[in-house]
Amino acid sequence: MTAPTRHDEAATLSPTSRELWRQAEVIRQEWLGYALSTEPADRLTTEQCLTAIYARAGRREPRFAWVDSPAAALPLIQRLPTLDQLLQWVRDPVPAGPPTPASDVATVASRLRAALSDGVRHTDPELSPVRRGRAREPWPDLPPQDALDRQVPLGVVLHRGVRNALHRSLVPGFTQPVRAGLPGGDRETPVCWYGQQDAFWVGYYDILHRLGLAAYPAEASDQLRTWIDLARSGGWWWPGSTVCVVVERPAVIHTEPVPGSWYDEIRLRPDGVRYRDGWRPPSC
């Protein structure tokens, strides 16, 4: 019996990769639905999840202040750090003062993502770029079916077509224009987490697990479940020492496809979002 050729092996393996990709597309759209939901927030679940994240960060349960838009949050978050201030504190060899809740939450999230990446059965491009050959060249960027036909690893296709695609839809496509519409813009607005729009990384690791491509340690799995429930339940949130400011989901979201995208990316239409107090970001 002759050994199968590389072409025969590819023909045997590729249907499995294509089927996993088709499943991933369906679940990705499920996550995009959560990310763009305009249903009222599940406040009980949101507060339970945030309390668990605070506890993981070594913080006591906060009081929750719910507001109807990011603009309405501004008077309550003026003393919280911007991203530039947070990064300056992190990089300072002798930081001034104790860590802020935002710093603690960022540490918790970073450690979780590292633990989840370690549980991925293939090399996770999120933390370790996958390259080919001795020259270590990047894999070609192609439409997903073409990429699989060209033997681009499924893990690379999933990272591009799930994690990166959701990121483009939810960060450049949503959170950045909304933050830019706040007084002071993105740079002057304190750092926050995005609840439903954190689906780009939460959904990515959920999909890998649901496809059988990742097995996470029990502790990381429990933490991921908290972030999954949070992303399915509520909106943006700013962690403070005693008060956590949480934004209700928008009342209206209108999106449009990104022209030429391979992975069903979307972006806000002009005047595409309205919050429950009537606020609309002028930049949208």
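**View 1. Cysteine 49, in a structure with zero disulfides.** A search of the whole structure finds zero disulfides, a disulfide being a pair of cysteine sulfur atoms within 2.5 Å. Cysteine 49 is in none; the nearest cysteine sulfur, in cysteine 244, lies 12 Å away. Cysteine 49 is buried, at 6% relative accessible area. Buried means under 20% relative accessible area, exposed over 50%, and partly exposed in between (1.4 Å probe, protein chains only). This is a predicted model: local features need pLDDT of at least 70, side-chain atom pairs count only at pLDDT 80 or more, and totals for chains, interfaces and linings use all residues. Residues are numbered from 1 along each chain as its sequence is written, and side-chain values use heavy atoms, with hydrogens and water left out.

**View 2. Cysteine 192.** The closest cysteine sulfur to that of cysteine 192 is in cysteine 244, 10 Å off and too far for a bond. Cysteine 192 is buried, with 6% relative accessibility.

**View 3. The pair of tryptophan 21 and tyrosine 263.** The whole structure holds eleven aromatic pairs. Rings of Phe, Tyr and Trp (its six-membered ring) pair if their centres lie within 6.5 Å; planes under 30 degrees apart count as stacked, over 60 as edge-to-face and the rest as tilted. Tryptophan 21 and tyrosine 263 pair edge-to-face, 6.0 Å centre to centre with 75° between the planes. Tryptophan 21 lies in helix α1 (residues 6–35) and tyrosine 263 in the loop between β6 (252–257) and β7 (266–274), so the pair ties together parts 242 residues apart in sequence. Helices (H or I, at least four residues) and strands (E, at least two) are DSSP runs, numbered from the N terminus. Tryptophan 21 is buried at 1% relative accessibility, and tyrosine 263 is buried at 5%.

**View 4. A tryptophan cluster.** Trp193, Trp201, Trp227 and Trp237 form one aromatic cluster.
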